[in-house]
Amino acid sequence: MKFLDQTKVYIKSGDGGAGSVSFRREKFIEFGGPDGGDGGRGGDVWVETVNGLNTLIDYRYQQHFKAETGMHGMGRNRHGAKGKSVTLKVPAGTQIFEEDGETLICDLTEEGQKYRIAKGGNGGFGNAYFRSSTNQAPDWANPGQEGEEKTVWLRLKLIADAGLVGLPNAGKSTFLATCTRARPKIANYPFTTLHPNLGVATVDQKEYVLADIPGLIEGAHEGVGLGDRFLGHVERTRVLLHLVSAQEENVGQAYKTVRAELDAYGAGLEDKTEIVALSQIDTVDADELKKKKAALKRACGQTPFAISAVAGKGMQEVLRALAEIIETSKAENPELPSAESGVNFNRKTKMAPMTDEDDDDDWDEDDDD
């Protein structure tokens, strides 16, 4: 299964059915009068959040959605039926934008939310509607109104309680794999992580969702490396865990590099609560560890945690600190979207990037691990 967090789809609501022009004609009834029925409304296009989804991959293979046209009216005052609506099912955290990619239509953050993004056209009136004391036999009817037709962007921002940020090879994926059941790809080269990963962490009988995004490098907000494409997935988190590898020669500069990219990206990340941890401490000796902890403390202005996901050192302390901040944030800001631990976040996914130049043809399936 591949991961897709952005796609463009074409939608069209149904046209309204036309009204009918009809007159009652029966034996022995001299003046039957008009009896043309109204046309039915066209179907709507809805978008709805459902449980069990964490990707928009379904819309990589189908990008056109059209609701049914309303049925036309008929004689004997028979009105047309309404056309069937179409519902796009998306994961929680999906935003719908106009074709310009900037005008927000709706932001669906909770399971079960539903929003109509295209309204069906009204059905036309039949000639019976126009009958009056001065016009006993109208011989015209209205056509149905046309439905709405447009292209929209679906953009997914995963909903997690805590987000992992840091330079490439800072140990984010190893941290996620150690404290959750997620199994991200782990290797000793930069940008091993090519797409966000989610996992449910448990500590002291408390559960919360962690989001791991690809590593950031200097200039990421300008598109360097993987750029800031995936930072949107940690916008909704309540706390950030910033990992700095003990293998960095200058841990203070490593921290400031990522911090500068978060500030440049904006969207509230610059003001989000942050926990700093010096990772991979099993790779350095005690004296060097002491020096790097002091340097990192000067850079970030707080006492960093010292952890090793491989050796299991300091993990419980960090997880408890994250859980405490998340619980406090939920109590103070209950209106913020929260991740549901019951959703299956641990399926292995691979990214299939989408741009506005992509078309429907010739998409290669990469080798699936």
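How are H2 and H5 oriented to each other: roughly parallel, roughly antiparallel, oblique or roughly perpendicular?

**Entry 1: the model.** I noted that this is a predicted model, in which local features need pLDDT of at least 70 and side-chain atom pairs count only at pLDDT 80 or more, while totals for chains, interfaces and linings use all residues. I also noted that residues are numbered from 1 along each chain as its sequence is written, and that side-chain values use heavy atoms, with hydrogens and water left out.

**Entry 2: the two helices.** I looked up helix H2 (residues 172-179) and helix H5 (residues 315-332), which pack at an angle of about 85° with their axes 12 Å apart. Axes are lines fitted to C-alpha atoms, for helices over the stretch in contact, and angles run from 0 to 180 degrees between N-to-C directions. H2 and H5 are therefore roughly perpendicular to each other; angles under 35 degrees count as roughly parallel, over 145 as roughly antiparallel, 65 to 115 as roughly perpendicular and the rest as oblique. Phe 175, Thr 178 and Cys 179 of H2 meet Met 315, Val 318 and Leu 319 of H5, where contact means heavy atoms within 4.5 Å.

Entry 3: I traced an open sheet of five strands in the order S4-S2-S9-S6-S7, with mixed pairing. Strands pair if DSSP finds at least two bridges between them. S4 (64-66) and S7 (104-108) stand at the edges with a single partner strand each, so one side of each lacks a neighbour in the sheet. From one strand to the next the twist averages 25°.

**Entry 4: S6 and S7.** I found that S6 (residues 94-97) runs antiparallel to S7, joined by four bridges. Gln 95 stands opposite Asp 107 in S7, and Phe 97 opposite Leu 104 in S7. The hairpin has six residues between the strands, and Gly 101 takes a positive phi near 75°.

**Entry 5: the whole chain.** I recorded five helices and 16 strands in the protein chain; helices (H or I, at least four residues) and strands (E, at least two) are DSSP runs, numbered from the N terminus.
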